[in-house]
Amino acid sequence: MFLTHVNNAATLVAAFFLSLPLAAAPRAYITNQLGDSVSVIDTVSNTVIETIEVPGKPAGIAVAPDGSRVYVTTPKSGEVAVIDTVSNKLIAQVPVSAGALGITTDRAGKTIFIADWYKNIVSVVDAESLEVKKTIPVGQSPSGLAVSPDNRWLYVANRLDNSVSQIDLETLRIRNTTKVGEHPFGLTIDSRGEKIYVANVESDDVTVLSRDHLKRIGTVKVKMLPYAASLAQNDSLLFVTNQDDGTVSVIDTETLQEKAVISVGDKPEGIDTLPGGRFVYVANWFDDNVSVIDALSLEVIDTIETGGGSRAFGQFIVGD
């Protein structure tokens, strides 16, 4: 029965992508913190096709806008590892700091932003030279980062300050800082750049902010220790990993109501959505695997074994 279910799930995903214009199939790059590696998943077959050794306890991850590189924070070594996605080889290790965790890029692919958990700064790294150009003071223990679609704003979740900062990318200065729930960690932005969704670990809820002046426009209760979030189905649904509940909450972004709770693996953390908005991938830290959710049926349709301590905190899908 299980084998039939897996085969049907793989067929469903494959059929979806075969219906799209010809292009390279998207891949998911999953950081395995306890395994010192990154698993590369072919999202058509839902199988691991490469395992890349990445020393330093890889945790956070970001993808260059053109898909040519993947950037991985390695907190133990205080570096950012750079992976070439054509060869799937580790091509550089850039010293930053021991507090490096959250990471993202600007929309042009020219700049990498790294949140320093210990120094309470965001490092601004030139993507070509891989040199730190500037550091921006933010709140205590910055974690999740996200850049607006228009490349104007960088949003930073400051965990111990219970706040989110909005940084102007033209001046690299903070424009606004707003209080949210307790211990915000992951955040995401809708495709129009109008709403920011913040997962608050200790208050078990999601704060919804508007772009203008970071005004709080809603709070949605979820399950225990919400960690990260990703949008699907044309931004109509928000999927939130609940770390201590082993579930993903599904929020209707129009009504701001929790409409479903989906059981996944143990300690789900990183989450990202494939192009097209239908399939959502969830890294399960304690189960060393990835759950695949169909955003239409709101069911887990596949489980992929990866490596020790799969976290994948950030954006990890490569490909259109």
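D190 counts as buried, at 2% relative accessibility (buried is under 20% relative accessible area, exposed over 50%, partly exposed in between, with a 1.4 Å probe and protein chains only). The model is a predicted one, in which local features need pLDDT of at least 70 and side-chain atom pairs count only at pLDDT 80 or more, while totals for chains, interfaces and linings use all residues. Residues are numbered from 1 along each chain as its sequence is written, and side-chain values use heavy atoms, leaving out hydrogens and water.

The partner of D190 in a salt bridge is R192, with the closest N and O atoms 3.5 Å apart (a salt bridge puts a side-chain nitrogen of Lys or Arg within 4 Å of a carboxyl oxygen of Asp or Glu). R192 is partly exposed, at 48% relative accessible area. R192 also meets D235 in a salt bridge, at 3.8 Å from N to O. D235 sits in the loop between β20 (226-232) and β21 (237-242) and R192 in the loop between β16 (184-189) and β17 (195-200), so this pair ties together parts 43 residues apart in sequence. (Strands are DSSP runs of E, at least two residues, numbered from the N terminus.) D235 itself is buried, at 13%.

Elsewhere, K267 and D244 form a salt bridge of 3.1 Å, N to O. Here K267 is buried at 17%, whereas D244 is partly exposed at 36%. Across the whole structure, the search turns up ten salt bridges.

How values were computed
Helices (H or I, at least four residues) and strands (E, at least two) are DSSP runs, numbered from the N terminus.
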